[in-house]
Amino acid sequence: MIKACTAGFFVSNKSQRNETRMKKLHKITGLVMLLPFIAWAVTGMFFFIKPGYQAAYQAISPTLYPIKQIIQLPKQQWLEVRQVRTVLGEHLLVKDENGWQQLSSENFEVIAQPTATQIRQLVNDAIAKDKARYGEIASIEKNVVSTSTGVKITLDWPTMSMRQKGEDTDFINAMYDVHYLRWTGNAAVDKYLGVIGLSLVVLLALLGAWMTLKPLPTRSGNN
């Protein structure tokens with residue numbers, strides 16, 4: 001009888017020690033994950049509401065006008081040909097194995113780079129319909145136009161396309177970085193952070209389930 005009670009005492013004591021360790025591990029893991037959980041909750045709510053998304057990611061493109069005259073093409077093999085007309089006039093865009101390029105409609109020579117004046121005309125025409133977003137052109141550096149509202153517009157001359165990015169775009173992109181634990185700016189390190197974070201979430205769930213579903217200890221000494 002004494003041996004049975006003693007054995008039961010040691011089993012119960014060992015079980016209590018294991019439970020204490022599990023509770024301590026659960027607490028420490030929870031504290032470590034407190035900041036990521038807050039970040040996930042705040043950014044998740046932001047992504048659900050999506051404030052400012054429409055302006056931050058709105059499409060922008062050169063204003064196109066009806067084509068006045070079809071350009072007669074020379075006998076040359078291209079993968080794709082496009083003709084568009086903007087405030088600058090007619091544009092001939094061709095695609096070969098190396099990608100898109102813009103050709104002169106007169107002698108079919110490659111026009112590698114537009115002038116600053118041409119870029120200003122193109123962008124001014126494109127942003128005229130939304131001055132609240134873009135304001136006025138403040139500066140031009142290569143193919144990047146900065147506006148008075150802090151928006152940067154990049155012109156892709158070979159494809160005659162544009163993209164815009166403002167401070168609101170940078171802020172939303174930063175929220176995505178926070179949500180996905182891209183905190184260091186180093187892709188390899190951030191990848192490990194993501195794996196560690198998800199692993200700790202699984203550990204928290206397993207520990208919580210274990211403490212919840214664990215059967216209550218029995219007292220052998222009362223039998």
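Student: Which residues are called buried in helix 6, and what makes them so?
Tutor: Thr169, Ile172, Met175 and His179 are buried in helix 6. Buried means under 20% relative accessible area, exposed over 50%, and partly exposed in between, with a 1.4 Å probe and protein chains only; these four residues therefore lie under 20%.

Tutor: The model is predicted, so local features need pLDDT of at least 70 and side-chain atom pairs pLDDT 80 or more, whereas totals for chains, interfaces and linings use all residues. Residues are numbered from 1 along each chain as its sequence is written, and side-chain values use heavy atoms, with hydrogens and water left out.

Student: What do the buried residues of helix 6 pack against?
Tutor: They pack against helix 2 (34-49), helix 3 (53-56), helix 5 (131-134) and strand 7 (161-165), where contact means heavy atoms within 4.5 Å.

Student: What span does helix 6 reach, and what is expected?
Tutor: Helix 6 (residues 167-179) has 13 residues and reaches 18 Å from first to last C-alpha. The expected span is 1.5 Å times one less than the number of residues, and the value is close to the 18 Å expected.

Student: What makes strand 1 and strand 2 a pair?
Tutor: Two strands pair if DSSP finds at least two bridges between them. Strand 1 and strand 2 (residues 89-96) have seven, in the antiparallel sense, and therefore qualify. Val81 stands opposite Val94 in strand 2.

Note on methods
Helices (H or I, at least four residues) and strands (E, at least two) are DSSP runs, numbered from the N terminus.
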